[in-house]
Amino acid sequence: MSSENLNSNRLALVVGAGAVKCAAALGLWRSLKRAGIQIDCYVGCSGGSLYATSMALGYDVEETIAITRRLWDRQITSKRNGRSIFQVLLPSLFGFDERFALYDDAPLLDGLKSVFGQRTFADMRTPLYIVATDFHSADQVVISEGYLLDALRASISIPYIWLAWQVNGQLLMDGSLSNPMPVDVAIREGAQIILAMGFESPYPRRVKSLSRFAFHINSVMTNNLFQSNFAFHNLAHYAEIIPIMPEFEQEITLFDTDKIPYVISQGEKAMEEQLPYLQQLLATLEEA
């Protein structure tokens with residue numbers, strides 16, 4: 001890898017999966033802006049992809065909060081896929097395949113279109129990489145070109161909940177299924193310092209429906225994968241990885257958008273604790 005690429009991506013921010021908790025990235029961002037530190041590369045996965053994209057486009061904190069409330073609330077699961085129950089009970093008659101989903105994704109798509117429209121990766125102010133998972137091979141897929149709507153829709157395709165999404169001939173689903181906090185993407189792009197903001201996925205308060213059962217199982221798998229993948233990359237030390245792990249005293253579940261200000265404040269607090277170390281590393285790079 002060229003030295004030019006290393007210098008251009010010296011500081012990367014990786015925002016992992018975590019639904020509303022991912023808003024903590026805005027607190028981190030606020031802390032860096034106050035310190036005059038610029039991010040050179042963004043990587044987003046699942047819910048984190050919405051925040052990474054908004055920051056890479058150049059939206060400010062308040063704009064991104066408004067975007068989140070438009071995109072991520074209970075309304076996106078308000079429209080059931082009426083055909084799904086018949087696909088389960090009578091698969092030969094109604095047809096059951098890899099495109100199965102419990103919910104109609106029209107509300108989700110409408111939200112994404114209202115925010116991102118026809119924008120592409122070429123509109124980014126800062127390089128952006130969005131992670132999804134190939135349905136058939138289970139491989140991690142990194143998207144860095146084409147329409148933002150397609151990349152985001154693929155990265156947040158939670159199994160059972162929404163249809164897997166077709167991008168460039170691949171059927172893709174939630175990025176958290178292959179890597180909930182993809183620091184490896186930032187490493188591959190030559191980042192010298194990586195801010196890795198990760199979360200354990202929230203569990204539903206009560207498992208009282210098929211959809212909540214699906215959310216619960218997805219969180220179990222994601223949390224186990226998050227812990228093992230991060231442990232590996234942190235030990236391998238391919239680059240300087242600074243974990244930014246906000247602590248939440250309040251319970252934060254999937255659609256608690258009313259708690260976004262609190263989530264942001266905890267992200268800011270977590271970044272402030274690591275800021276002196278980051279500034280030290282950046283100063284060392286300047287001297288090198």
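**Close-up views of a predicted model**

**View 1. Helix H4 (residues 61–71) packs against helix H7 (residues 106–116) at an angle of about 155 degrees, with their axes 9 Å apart.** Axes are lines fitted to C-alpha atoms, for helices over the stretch in contact, and angles run from 0 to 180 degrees between N-to-C directions. H4 and H7 are therefore roughly antiparallel to each other (angles under 35 degrees count as roughly parallel, over 145 as roughly antiparallel, 65 to 115 as roughly perpendicular and the rest as oblique). On the H4 side, Ile67, Arg70 and Leu71 make the contact; H7 supplies Gly111, Leu112, Ser114, Val115 and Phe116. Contact means heavy atoms within 4.5 Å. These residues divide into 5 nonpolar, 2 polar and 1 charged. Ala, Val, Leu, Ile, Met, Phe, Trp, Tyr, Cys and Pro count as nonpolar, Asp, Glu, Lys and Arg as charged, and the others, Gly among them, as polar.

This is a predicted model: local features need pLDDT of at least 70, side-chain atom pairs count only at pLDDT 80 or more, and totals for chains, interfaces and linings use all residues. Residues are numbered from 1 along each chain as its sequence is written, and side-chain values use heavy atoms, with hydrogens and water left out.

**View 2. H3 and H8 pack at an angle of about 155 degrees, their axes 10 Å apart.** That makes H3 roughly antiparallel to H8. Ser49, Leu50, Thr53 and Leu57 of H3 meet Leu148, Leu152 and Ser155 of H8. The contact divides into 4 nonpolar, 3 polar and no charged residues.

**View 3. The second largest cavity holds about 40 Å³ of space.** The structure has 2 cavities of 30 Å³ or more. On a 1 Å grid over the protein atoms alone, a cavity is a set of points where a 1.4 Å probe fits but cannot get out; lining residues have an atom within 4 Å of a point. Grid points are joined across faces, edges and corners, and a volume is the space filled by probe spheres set on the points. The lining consists of Ala19, Val20, Gly47, Leu50, Tyr51, Thr68 and Trp72. Helix H3 (residues 47–57) gives the largest share, 3 residues. By type, the lining has 5 nonpolar, 2 polar and no charged residues. Leu50 of this lining is also part of the contact of H3 with H8.

**View 4. Ala19 and Tyr160 each have a positive phi although neither is a glycine.** Phi is about 55 degrees at Ala19 and about 75 degrees at Tyr160. Ala19 lies in the loop between strand S1 (11–15) and helix H2 (24–34). Ala19 is buried, with a relative accessible area of 14% (buried means under 20% relative accessible area, exposed over 50%, partly exposed in between; 1.4 Å probe, protein chains only). Tyr160 sits in the loop between helix H8 (148–155) and strand S5 (165–167). At 46% relative accessibility, Tyr160 is partly exposed.

**View 5. Ile39 is in the loop between H2 and strand S2 (41–45).** Ile39 is buried, at 4% relative accessibility. Its C-alpha atom is separated by 5.5 Å from that of Leu11, 28 residues apart along the chain. Not counting residues up to four places away in sequence, Ile39 touches Leu11, Ala12, Leu13, Trp29, Leu32 and Thr126.

**View 6. The protein has 11 helices and 8 strands.** Helices (H or I, at least four residues) and strands (E, at least two) are DSSP runs, numbered from the N terminus. Buried residues make up 55% of the 288 residues.

Key. On a 1 Å grid over the protein atoms alone, a cavity is a set of points where a 1.4 Å probe fits but cannot get out, and a pocket is an open set with protein on both sides within 12 Å along at least five of seven lines; lining residues have an atom within 4 Å of a point.
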